[in-house]
Amino acid sequence: EDGWDSGITADKLKRGLNMFSASVQCDIHYSIHHPSQEIRELLTKLGIDSLPELCKLSDVVQLKNKFMKADYMHL
């Protein structure tokens, strides 16, 4: 069961998204902190199967844009 059939509450998603962050490494690269299980499930539903160890700012912006554009009612 992937959690979607039984339901992931809005509160769990909100808490997970609030904790989901990245920090600057080596001036031009960002390290994405480990997301919660609920956020990993959401990433999978958005077509993001894995997150890189280090990424560029443009990658972080792309990830943010996917979250902003997602149609959560149809995931």
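Predicted model: local features only at pLDDT ≥ 70, side-chain atom pairs only at ≥ 80, totals over all residues.
I started with the largest pocket and looked up who lines it: strand E2 (29–32) and helix H2 (37–45) each put in at least two residues. H2 is the top contributor there, with three residues. I noted the volume as about 260 Å³. Of its 14 lining residues, Ile32, His34, Pro35, Ser50 and Leu51 sit closest to the centre. By type, I get six nonpolar, five polar and three charged for that lining.

Mean pLDDT is 78 for the protein, with 85% of residues at 70 or more. I checked the elements too: helix H1 (residues 10–19) has the lowest mean at 80, and strand E3 (residues 54–56) has the highest at 85.

Next, the second largest pocket, which holds about 160 Å³. Which element gives the most to its lining? Helix H3 (residues 57–69), I found, with four residues. The lining includes Ile48, Pro52, Cys55, Asp59, Gln62, Leu63 and Lys66. Ile32, Ser50 and Leu51 turn up in this lining, and I had already listed these three among the residues closest to the centre of the largest pocket.

Then I went through the overall layout. I count three helices and three strands, in the order α-β-β-α-β-α from the N terminus. Of the contacts with a separation of 6 or more, 51% join residues 24 or more positions apart.

Buried residues come to 25% of the 75 in the protein.

Notes
Residues numbered from 1 in each chain as written. Heavy atoms only, no water. pLDDT = per-residue confidence, 0-100. Buried < 20%, exposed > 50% of the residue type's maximum accessible area, 1.4 Å probe, protein only. Contact = heavy atoms within 4.5 Å. 1 Å grid on protein atoms, 1.4 Å probe; cavity = no way out; pocket = protein on both sides within 12 Å on 5 of 7 lines; lining within 4 Å. Points joined across faces, edges and corners; volume = space filled by probe spheres on them. Nonpolar A, V, L, I, M, F, W, Y, C, P; charged D, E, K, R; others polar.
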